[in-house]
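Open your viewer and get ready to select residues by number. We will go from stop to stop, and at each one you will hear what to pick and what to look for.

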Amino acid sequence: MNSIKLIAAGLAASASLIAFNANAEGSLNLICSADVVICEQMQGDFQKETGISVNMVRLSSGETYAKIRAEARNPKTDIWWGGTGDPHLQAAAENLTEEYKSPMLGELQDWAVKQAESADYKTVGIYAGALGWGYNTEIFASKGWKEPKCWADLLDPALKGEIQMANPNSSGTAYTALASLVQIMGEDEAYDYMEKLNANISQYTKSGSAPVKAAARGETGLGIVFMHDAVSQTAEGFPVKSVAPCEGTGYEIGSMSIVKGAKNVENAKKWYDWALSAPVQSRMKDAKSFQLPSNKSAEIPKEAPRFEDIKLIDYDFKTYGEPERRKALLERWDREIGAKAN
């Protein structure tokens, strides 16, 4: 073969390789249930590193579960990243998500692996964070209110109309609060508590982090949220202090799941493995996202609330992620609390 033919053959091979790579890159349909800043950072980083085009939508975990369930016959989503573990576990129990044993599992914290094992590897833990609240220190000081250190303190009549939390139907954060109170107090006592708390609540938001953002802006005194969301507001320079309740509190295992029947399943697996890596999880703090990462080698942000400093309950993820239990708790909340919301 002469040199011209060799060059032509080489160009043809290169062209076919480029075409193959372009096809291999393709796209990925992602739903992100964390704060939009970290969602956009993750989207941009993954596209830059892999060349895969990421179509990202930000929805709360309750909304995402409902969407995936509604689209089960013709999935529009490939992968679901972030948000509390309970709806991920519910999706796994209903066979809406795909089993995948990532080669990264050996690098993860025990709590992340247990999350995967409990769901037959249809989900995995990506970060963790404790439930609590953040309050606006300037508002509290100007009104002469005491720092609320315990769940019981949130019932103080002085706080009427000064508390926000999310709706547990749409928000994984609020469902974690509901399930935590049931485990701390007992079911009937927890609903009695929430009925009393309702007198002090100005709004049930759709998003789990919205209440503390409102507190940061001075629109309300206090937001019931995951503590890392309160810490994020403090890091932004707002007068917000985070509190871990004295009686004990629940926590989330933020999770990730591949949707059953995903059109771009290979790209979903690439995202899955990439998102479990130490360098990617170490970057979360750059978006002021202060959860505890699931990769053992990932850098823990100095601002992150540490589990060892918080009185945590032994949160029963399996029971409170079961579809029937979750449905019953939410229906009772709608009847006894939501129907009486201000």
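## Stop 1

Begin by selecting Arg69 and Glu94, whose side chains form a salt bridge with the closest N and O atoms 3.1 Å apart. Arg69 sits in helix 3 (residues 61-70), while Glu94 is in the loop between helix 4 (85-93) and strand 4 (97-98), so this pair ties together parts that are 25 residues apart in sequence. Arg69 is partly exposed, with a relative accessible area of 48%, and Glu94 is also partly exposed, at 25%.

Before going on, please keep in mind that this is a predicted model. Its mean pLDDT is 91, and 93% of the residues reach 70 or more. Now colour residues 1-24: here the pLDDT is below 50, and beyond near neighbours in sequence the stretch has three contacts in the model. Where pLDDT is low, the predicted coordinates should not be read in detail.

## Stop 2: other salt bridges

How many salt bridges does a search of the whole structure find? There are 19. Here are some to select:

- Lys67 and Glu71: the closest N and O atoms of this salt bridge are 2.7 Å apart. Lys67 is partly exposed, at a relative accessible area of 27%, whereas Glu71 is buried, at 18%.
- Arg217 and Glu219: their side chains meet in a salt bridge of 2.8 Å, N to O. Glu219 is exposed, with a relative accessible area of 52%.
- Glu187, Asp188, Arg325, Arg332 and Glu336: select these together, and you have a network of salt bridges.

## Stop 3: helix 10

Next, select residues 227-235, which make up helix 10. Seven of its nine residues are buried, so the helix is largely enclosed by the rest of the structure. Which residues of helix 10 are buried? They are Met227, His228, Asp229, Ala230, Val231, Ser232 and Gln233.

Then step just past the end of helix 10 to Gly237, which takes a positive phi of about 100°.

## Stop 4: Ser289

Is Ser289 buried or exposed? Select it in the loop between helix 12 (278-282) and strand 11 (292-293). With a relative accessibility of 8%, Ser289 counts as buried, because buried means under 20%. Leaving aside neighbours within four places in sequence, Ser289 is in contact with Ile38, Ser232, Met284 and Pro301. You have already met Ser232, one of the buried residues of helix 10.

## Stop 5: the largest pocket

The pocket holds about 470 Å³ of space.

Which elements give two or more residues to the lining? They are helix 2 (36-50), helix 7 (172-185), helix 9 and helix 10. Helix 10 supplies the largest share, four residues.

Finally, colour the lining by residue type. You will find eight nonpolar, 16 polar and seven charged residues.

How values were computed:
Residues are numbered from 1 along each chain as its sequence is written. This is a predicted model: local features need pLDDT of at least 70, side-chain atom pairs count only at pLDDT 80 or more; totals for chains, interfaces and linings use all residues. Side-chain values use heavy atoms; hydrogens and water are left out. pLDDT is the predictor's confidence in each residue, from 0 to 100. Contact means heavy atoms within 4.5 Å. A salt bridge is a side-chain nitrogen of Lys or Arg within 4 Å of a carboxyl oxygen of Asp or Glu. Buried means under 20% relative accessible area, exposed over 50%, partly exposed in between (1.4 Å probe, protein chains only). On a 1 Å grid over the protein atoms alone, a cavity is a set of points where a 1.4 Å probe fits but cannot get out, and a pocket is an open set with protein on both sides within 12 Å along at least five of seven lines; lining residues have an atom within 4 Å of a point. Grid points are joined across faces, edges and corners, and a volume is the space filled by probe spheres set on the points. Ala, Val, Leu, Ile, Met, Phe, Trp, Tyr, Cys and Pro count as nonpolar, Asp, Glu, Lys and Arg as charged, and the others, Gly among them, as polar.
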